[in-house]
Amino acid sequence: MEFENSMEAAKAAILDAALGHVPFDGWSEATFRAALADSGVAPPLGRALFPRGPVDLALAYHRRGDQRMARQLAAMNLGDLRFRDRVAAAIMARLDLVEDKELVRRGMAFFALPQNAVEGTKALWGT
């Protein structure tokens with residue numbers, strides 16, 4: 001995977017490091033701290049890249065899925081489909097790209113918490 005700059009590479013490293021911890025600790029501060037330690041990214045830089053810690057980390061995971069979906073949809077010929085069929089194809093593409101259902105389950109639970117519901121709703125509508 002290519003990155004535009006070292007900040008994007010650091011973000012990706014932290015997110016990649018977090019994925020192994022999420023099934024056990026959820027999208028939590030413990031996961032965020034473990035991801036910082038495992039990624040090799042200096043904690044002050046990690047905190048600057050993800051100022052709200054687990055919230056920003058979970059949103060980065062969600063955006064990564066959206067970016068993968070967009071690339072897949074760009075490669076598909078959707079022009080001949082009705083609008084509702086294009087929407088259905090997009091939804092199926094997004095669901096098919098899920099590599100670990102536990103990460104998504106943990107994200108759904110995380111964004112269902114009252115303090116995270118607004119961010120979760122924004123992310124879902126962004127998709």
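Trainee: Which residues of the largest nonpolar core touch the most other members?

Mentor: In soluble globular proteins, nonpolar side chains tend to be buried together. A nonpolar core here is a set of buried Ala, Val, Leu, Ile, Met, Phe, Trp, Tyr and Cys residues joined through side-chain atoms within 4.5 Å. Buried means under 20% relative accessible area, exposed over 50%, and partly exposed in between, with a 1.4 Å probe and protein chains only. This is a predicted model, in which local features need pLDDT of at least 70 and side-chain atom pairs count only at pLDDT 80 or more, while totals for chains, interfaces and linings use all residues. Residues are numbered from 1 along each chain as its sequence is written, and side-chain values use heavy atoms, with hydrogens and water left out. The largest core has 23 residues, and those touching the most other members are Ile14, Leu15, Trp27, Phe32, Phe50, Leu57 and Phe110.

Trainee: Which elements give two or more residues to this core?

Mentor: They are α1, α3 (29-39), α5 and α7 (101-112). With six residues, α5 gives the most. There is also a second, separate core of six residues, with Met69, Leu73, Leu78 and Ala93 among them. The element names come from DSSP runs numbered from the N terminus: helices are H or I, at least four residues, and strands are E, at least two.

Trainee: What is isoleucine 14 in contact with, neighbours within four places in sequence aside?

Mentor: Contact means heavy atoms within 4.5 Å. For isoleucine 14 the list is Phe32, Ala35, Leu36, Ser39, Val41, Gly46, Leu49, Phe50 and Leu57.

Trainee: At what angle do the axes of α1 and α5 cross?

Mentor: Two packed helices are described by the angle between their axes and the distance between the axes. Axes are lines fitted to C-alpha atoms, for helices over the stretch in contact, and angles run from 0 to 180 degrees between N-to-C directions. Angles under 35 degrees count as roughly parallel, over 145 as roughly antiparallel, 65 to 115 as roughly perpendicular and the rest as oblique. Here α1 (residues 6-19) and α5 (residues 54-75) have axes that come within 10 Å and cross at roughly 95°. The two helices are therefore roughly perpendicular to each other. On the α1 side, Ala12, Ile14, Leu15, Asp16, Ala18 and Leu19 meet Leu57, Ala60, Tyr61 and Arg64 of α5. The residues of this contact divide into eight nonpolar, no polar and two charged; Ala, Val, Leu, Ile, Met, Phe, Trp, Tyr, Cys and Pro count as nonpolar, Asp, Glu, Lys and Arg as charged, and the others, Gly among them, as polar.

Trainee: How many aromatic pairs does the structure hold?

Mentor: Rings of Phe, Tyr and Trp (its six-membered ring) pair if their centres lie within 6.5 Å; planes under 30 degrees apart count as stacked, over 60 as edge-to-face and the rest as tilted. The structure holds three such pairs. One of them, tryptophan 27 with tyrosine 61, is tilted, at 5.4 Å centre to centre and 35° between the planes. This pair links distant parts of the chain, 34 residues apart: tryptophan 27 sits in the loop between α2 (22-25) and α3, tyrosine 61 in helix α5. Both residues, tryptophan 27 and tyrosine 61, are buried. Phenylalanine 110 and phenylalanine 111 have ring centres 5.2 Å apart and planes at 75°, so that pair is edge-to-face.

Trainee: Is arginine 94 buried or exposed?

Mentor: Arginine 94, in helix α6 (residues 83-96), counts as buried at 17% relative accessibility.
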